[in-house]
Amino acid sequence: MFHTVLVANRGEIALRVVRTCREMGIRTVVAHSTADRDSAAVRAADGAIQIGPPTPKRSYLSIPAVIEAARVCGAQAVHPGYGFLSEDADFAEVCAANDLVFVGPPPEVMGRLGDKAAARREMASYGLPVLPGSAGTVNSLAEASEVVDRIGYPVIIKAAAGGGGRGMSVVHSARDLARAYRATRASAQAVFGDGRVYLERFCEQARHVEVQVLADRHGTVLHLGERDCSVQRRHQKLVEEAPAPNLPESLRAEMAAAAVAGARAAGYVGAGTFEFLVADDGFHFMEINCRIQVEHPVTEMVTGLDLVREQIRIAAGLPLETGQHDVLPRGVALECRVNAEDPARDFAPAPGTLDEFVPPGGPFTRVDTHGYAGWRVTSDYDSLLAKVVVWAPDRPHAIARMRRALAEFRVAGRGMRTTIPALGRVLDEPDFIAGIHGTDLLSRMEK
């Protein structure tokens, strides 16, 4: 096992990795920007190294700075968390070239699957169902128009290098195609440094259901059940749960089997997530996330497994200790993302200083956060402030527990606003309570 891991990330996921490493007896060093010198992860880790200014390109996205930090602290492995360099195949290759273990899939696998258009084509070749769309990326408006002529409106244009719900445009008519095509390409280039896009048919009332997999270097591939992430705003997830409510058992089993088959065929290693859309005509593969997901705690709550620990063990070359028959999801877990955003101003970022920050507690309630009183939430990074996660024997009990937990959460400070009021409205929405909601729930509520 590793003696030192460099945590190349920030926020709650950095603290999350530090905690598991400590339980495993692994020393941690957090690579941080100047803005995060007093972060909760830095305070909790065994060591810390400043790698640059607040601008992510000059710190958390700087491969030379991260590699140098790993060298200085004597790390054997780098845990990238999610976001930043977590799905950067080039970074994984540079780690290997510097005798560092990248906690994630092999770079050649990540390079193939990180290209969303290529992953779609590859999974289709393994027999996974995909939505009608382009065979690969489209390189001109004329090519995009030909695809739409074949599959019809509405369509969704996606960045091939996309992720995190960004780089997508939904198009309902020919009048909007040209503008959306150009805008998505420009956005993809600006955000991901790669302007390539592809097209799929858009399912307006589908559900977003994803399957968590674990695969070791010894040929074992497991699924840990699924998560429903249908409560989204502009493709950004707000509420997640496990298992997915009201999903026929036969469909649940088919999706899990498809994810395992896809991971095995692709030579996947590590923790990964297969994302699917579930519509009236069945389920359709969307993409693979080659990293730990923000919403991984709901899977941990129903399975009792520590996914970060599993990631690190797999990266160290150890075999999975759990067999498929040992994975017995129990009860229901819900996660609500508390972001520093103002729902009353169209969810605009609301940075500020946390004068008061008191997370909820109580039975079967977990809060993953990096916040504390006195911490300054800046506009330099993602607005995620905390993840409130609850477990209960059944879904009605879990919803009631989450309502109680959110009501206890105290966040105050000059300029501070959070998504807690919006999350409360979701929990009271009849379709959500009934478990029959799709990805259009928030947009319908906002009308």
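Thr20 is buried (under 20% relative accessible area, with over 50% counted as exposed and partly exposed in between, for a 1.4 Å probe and protein chains only), with a relative accessible area of 2%. The model is predicted: local features need pLDDT of at least 70 and side-chain atom pairs pLDDT 80 or more, while totals for chains, interfaces and linings use all residues. Residues are numbered from 1 along each chain as its sequence is written, and side-chain values use heavy atoms, without hydrogens and water.

Thr20 belongs to helix H1 (residues 11-23); helices (H or I, at least four residues) and strands (E, at least two) are DSSP runs numbered from the N terminus. Leaving out residues up to four places away in sequence, Thr20 is in contact (heavy atoms within 4.5 Å) with Asp306, Val308, Arg309 and Ile312. Asp306 is 286 residues from Thr20 along the chain, yet their C-alpha atoms are 8.1 Å apart.

## Nonpolar cores

A nonpolar core is a set of buried Ala, Val, Leu, Ile, Met, Phe, Trp, Tyr and Cys residues joined through side-chain atoms within 4.5 Å. The largest one has 67 residues, and those with the most contacts inside it are Val231, Val239, Val338, Val388, Met402, Leu406 and Phe432. A second, separate core has 52 residues, among them Val66, Leu113, Ala266 and Phe274.

Beyond its neighbours within four places in sequence, Leu406 touches Cys336, Val338, Val388, Ile420, Leu423, Gly424 and Leu427.

## Helix H13

Ile420, Ala422, Leu423, Val426 and Leu427 are buried in helix H13 (residues 420-428). Seen down the axis of H13, these buried residues fall within an arc of 160° (taken from the directions from the helix axis to the C-beta atoms), so they line one face of the helix.

The buried residues of H13 pack against strands E10 (221-233), E11 (236-242) and E14 (332-339), and against helices H12 (395-408), H14 (430-434) and H15 (441-446).

## Cavities

On a 1 Å grid over the protein atoms alone, a cavity is a set of points where a 1.4 Å probe fits but cannot get out, and lining residues have an atom within 4 Å of a point. Grid points are joined across faces, edges and corners, and a volume is the space filled by probe spheres set on the points. The whole structure has three cavities of 30 Å³ or more.

The largest cavity holds about 80 Å³, and its lining includes Arg10, His370, Trp375 and Asp382. Strand E20 (376-377) and strand E21 (384-392) each give two or more residues to that lining.

Conventions. 1 Å grid on protein atoms, 1.4 Å probe; cavity = no way out; pocket = protein on both sides within 12 Å on 5 of 7 lines; lining within 4 Å.
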